[in-house]
Amino acid sequence: MRDDTRLFDTIAQALRERGYALCPNALPPELTQALKAHLKVMQDEQFSPAGVGRENKYAVRQSIRSDEICWITGESTAGKAWLDWAELLRRDLNRQLLLGLFSFESHFSHYRPGDFYRKHSDAFRGEANRVLSLVAYLNDNWQDSDGGELKLYLDEAEQESLLIQPEAGTVAIFLSEEFPHEVLPAKRDRYAIAGWYRVNTSRGDRVDPPQ
Ligand SMILES: O=C(O)CCC(=O)C(=O)O
Ligand SMILES: [Fe+2]
């Protein structure tokens with residue numbers, strides 16, 4: 001596998017300074033290829049409507065998000081390669097930023113034309129579950145006119161925001177509690193992976209994250 005030390009350094013520095021990192025061409029090209037090839041052979045039935053909320057509050061709410069997802073378990077070669085890469089990043093960020101990231105969960109997402117995910121936060125303040133969000137994009141030749149950007153709100157008043165195009169190889173990483181964001185509707189199919197690093201908040205009889 002190629003050496004991603006410099007990329008991980010850049011990500012760590014951006015997280016330290018701003019709380020987010022946007023990196024075009026960040027995924028190793030052979031990993032991007034493998035994930036795209038895997039998406040092509042995946043059947044539509046492997047995807048199911050995405051929900052919102054955690055555990056017993058989880059529910060499909062198509063007025064909030066209309067994409068379909070498939071959790072990545074590592075059973076496929078491409079899925080395993082992705083999890084391996086996310087693990088290298090986890091270890092490096094823990095070493096550099098002392099974040100204590102403990103586990104990682106991620107899913108493929110498919111937004112059909114017109115699909116969206118309204119403004120949301122990936123974690124709830126004070127509930128130290130999802131600490132860091134990692135999104136990787138898998139779409140070739142994305143054009144401005146295709147829409148489908150990730151809109152990341154940068155300040156409390158949500159006046160300032162960034163638009164990120166879901167171009168293959170681009171990776172967006174941000175502190176889950178700090179940056180509300182939304183997925184704008186696209187004019188073409190939009191494929192991505194969304195993932196979250198969590199800290200271990202297990203205590204007493206409650207195991208969290210759930211096994
Ligand atoms: O696909 C994206 O750009 C972000 C998706 C997202 O925000 C999520 O799944 O929580
Ligand atoms: Fe999100």
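**Close-up views of a predicted model**

**View 1. Surroundings of ligand 1.** The shell around ligand 1 consists of six nonpolar residues, two polar and one charged (Ala, Val, Leu, Ile, Met, Phe, Trp, Tyr, Cys and Pro count as nonpolar, Asp, Glu, Lys and Arg as charged, and the others, Gly among them, as polar). Its members are Ser109, Tyr117, Asp122, Val135, Leu150, His181, Val183, Ala192 and Ala194; a residue is near the ligand if its C-beta atom, placed from the backbone, lies within 6 Å of it. Strand S10 (181-183) and strand S11 (190-198) are the elements that give two or more residues to this shell. Helices (H or I, at least four residues) and strands (E, at least two) are DSSP runs, numbered from the N terminus. This is a predicted model, in which local features need pLDDT of at least 70 and side-chain atom pairs count only at pLDDT 80 or more, while totals for chains, interfaces and linings use all residues. Residues are numbered from 1 along each chain as its sequence is written, and chains are lettered from A and ligands numbered from 1 in the order in which they are written.

View 2. Seven strands form an open sheet in the order S1-S9-S6-S11-S4-S3-S2, with antiparallel pairing; two strands pair if DSSP finds at least two bridges between them. Strand S1 (20-23) and strand S2 (48-49) are at the edges with a single partner strand each, so one side of each has no neighbour in the sheet. Helix H1 (residues 5-18) packs on the sheet and touches S1 and strand S9 (171-175) (contact: C-beta atoms, placed from the backbone, within 7 Å).

**View 3. Strand S9 and its two partners.** S9 runs antiparallel to S1, joined by four bridges, with Cys23 opposite Val171. Five bridges join S9 to strand S6 (residues 130-137), also antiparallel, and here Leu134 stands opposite Ile173. Four of the five residues of S9 are buried (20 or more other C-beta atoms within 10 Å of the residue's own).

**View 4. The largest nonpolar core.** This core has 41 residues, of which Val135, Ala136, Val171, Ile173, Ala192 and Ile193 touch the most other members; a nonpolar core is a set of buried Ala, Val, Leu, Ile, Met, Phe, Trp, Tyr and Cys residues joined through C-beta atoms within 7 Å. S11 gives the most to the core, with six residues. Leaving aside residues up to four places away in sequence, Ile193 touches Ile72, Trp82, Ser106, His107, Phe108, Val135 and Ala136.

How values were computed:
Contact = placed C-beta atoms within 7 Å. Axes fitted to C-alpha atoms, helices over the stretch in contact; angles between N-to-C directions. Buried ≥ 20, exposed ≤ 12 C-beta atoms within 10 Å, placed from the backbone.
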